[in-house]
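User: I would like to go through the assignments in this predicted model one at a time, with the reasoning behind each label spelled out. Please set each value against its cut-off before concluding.

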Amino acid sequence: MSIFPVLQQYPESRIAESLKRLTQKQVEQALSKEVLSENDFLALLSPLAAPYLETMAQKAQDMTRRHFGNVIFIFTPLYISNYCENQCVYCSFGAHQSIPRSQLTLEAIEKEAAAITAQGIRHILLLTGEARKKASPEYIGQAAAILKKSFSAIAIEVYAMTQAEYAYLIDKGVDSLTLYQETYDPDVYKTMHLSGPKTDYRFRLDAPESALKANMRAVTLGPLFGLADPLAEAFRTGLHLRYLQNKYPEAEIGLSLPRMRPLVSDFTVPHVLDDKRFVQTLLAFRLFAPTAGITVSTRENESFRNSILPLGVTKMSAGVSTAVGGHTHEDETGQFEIADTRSVQQLSDDLRTRGYQPVLHDWNYQLF
Ligand code: SF4
């Protein structure tokens, strides 16, 4: 079994048909429930739910408090290699882009780690492009083994891997995986991923489950909003989330909701998700998946991130550089522009002012 046949049951036409049949009453019924069905989720994502944002926000805030308290986990990304064989049309690290390429040595990774831990943070997200001969699983494993000495939680956001490769990385200290499907629409996927191993839609789709089969503690899913119809993307992400939550109840399945940012290339975002619909989408996710952690990254600007804090967000990045070695060198090319440039200290202070507890160092997963 895989998520693939589940998604196949919801082609574009079926989603469109269900949306046409929706009524205001169904939205209200969805809002009165504690446990939402897939159809309830669709109702809350739909334009019919737009007038109920205030009610949704109140419920989402209550649910988030109930399940997460006032805690926000803070992490920072560490880019260790920007070599990439893929041609993702929306990315400035793509094989088609002529940018300076680099990869950190193990010594340089140690220096970056020291610069990051000096900010007090112990949650790290390790990133690479997809170039197996350069940034091989073994290289990523060696990087994780170094980071394990300084960080209590090591997440990876790298290329899709096999179950055996995930098991190897877990052995080296990795405890969670972030993997965006980018778009769940197989036809759009083809037009966005022109060459390289990432053209294999199905392998990428099944990778989060491969990680869970290898006993990954936590998996974070998400689309990249902007590539395809946002409502359908959100709905299919919700199906994927619920499928994994039901099948792997012992694991932590979370969401991240990135929207496309300007790049160094001239890619035009085909399906812009505006702020109001983004908020509605976030709220619908919180009500559909009350226990799922939700990450909002520095792709969003400071005031917007502050304003959506109470609506379901549980994890934020800070002190971000999207360039290889960007924590010790400032002049490298980044993967995308960030919109919230707050340091770890600034974000922590802002969170405290707003009544939240910033968590930079969670319990030590390595001990369990
Ligand atoms: S999105 Fe990832 S895989 Fe695609 S070009 Fe950028 S770095 Fe490479």
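Analyst: By the distance rule, which takes a side-chain nitrogen of Lys or Arg within 4 Å of a carboxyl oxygen of Asp or Glu, the count in this predicted model comes to 19 salt bridges.

User: What makes E182 and K198 a salt bridge?

Analyst: The closest N and O atoms of E182 and K198 are 2.7 Å apart, and the rule asks for a distance within 4 Å, so the pair qualifies as a salt bridge. E182 belongs to strand β4 (residues 176-182), while K198 sits in the loop between α9 (186-192) and α10 (201-213), so the contact ties together parts that are 16 residues apart in sequence. Both E182 and K198 are buried.

User: Why are D206 and R202 called a salt bridge, and how far apart are D206 and R202 in helix α10?

Analyst: Their side chains meet at 3.0 Å, N to O, which is again set against a limit of 4 Å, and the pair therefore counts as a salt bridge. D206 and R202 are four residues apart in helix α10, which means that about one helical turn separates them.

User: Which of the labels buried or partly exposed goes to D206, and which goes to R202?

Analyst: D206 has a relative accessible area of 19%, and because buried means under 20%, D206 is called buried. R202 has 35% relative accessibility, a value that falls between the 20% and 50% limits, so R202 counts as partly exposed.

User: How do you know that D275 and R259 form a salt bridge, and what does the pair tie together?

Analyst: The side chains of D275 and R259 meet at 2.8 Å, N to O, and the requirement is a distance within 4 Å, so the salt bridge is assigned. D275 lies in helix α12 (residues 275-288) and R259 in the loop between β6 (252-256) and α12, so this pair ties together parts that are 16 residues apart in sequence. D275, at a relative accessible area of 41%, is partly exposed, whereas R259, at 11%, is buried. Elsewhere, salt bridges that share partners join R305, D340, R342 and D350 into one network.

User: How many cavities does a search of the whole structure find, and what lines the largest cavity?

Analyst: One cavity of 30 Å³ or more is found in the whole structure, and the space in the largest cavity comes to about 70 Å³. Its lining consists of 13 residues, among which T64, G69, L309, P310 and Y356 are the closest to the centre. The elements that give two or more residues to this lining are α5 (53-68) and β1 (71-81), and α5 gives the most, with three residues.

Methods
Residues are numbered from 1 along each chain as its sequence is written. This is a predicted model: local features need pLDDT of at least 70, side-chain atom pairs count only at pLDDT 80 or more; totals for chains, interfaces and linings use all residues. Side-chain values use heavy atoms; hydrogens and water are left out. On a 1 Å grid over the protein atoms alone, a cavity is a set of points where a 1.4 Å probe fits but cannot get out, and a pocket is an open set with protein on both sides within 12 Å along at least five of seven lines; lining residues have an atom within 4 Å of a point. Grid points are joined across faces, edges and corners, and a volume is the space filled by probe spheres set on the points. Buried means under 20% relative accessible area, exposed over 50%, partly exposed in between (1.4 Å probe, protein chains only).
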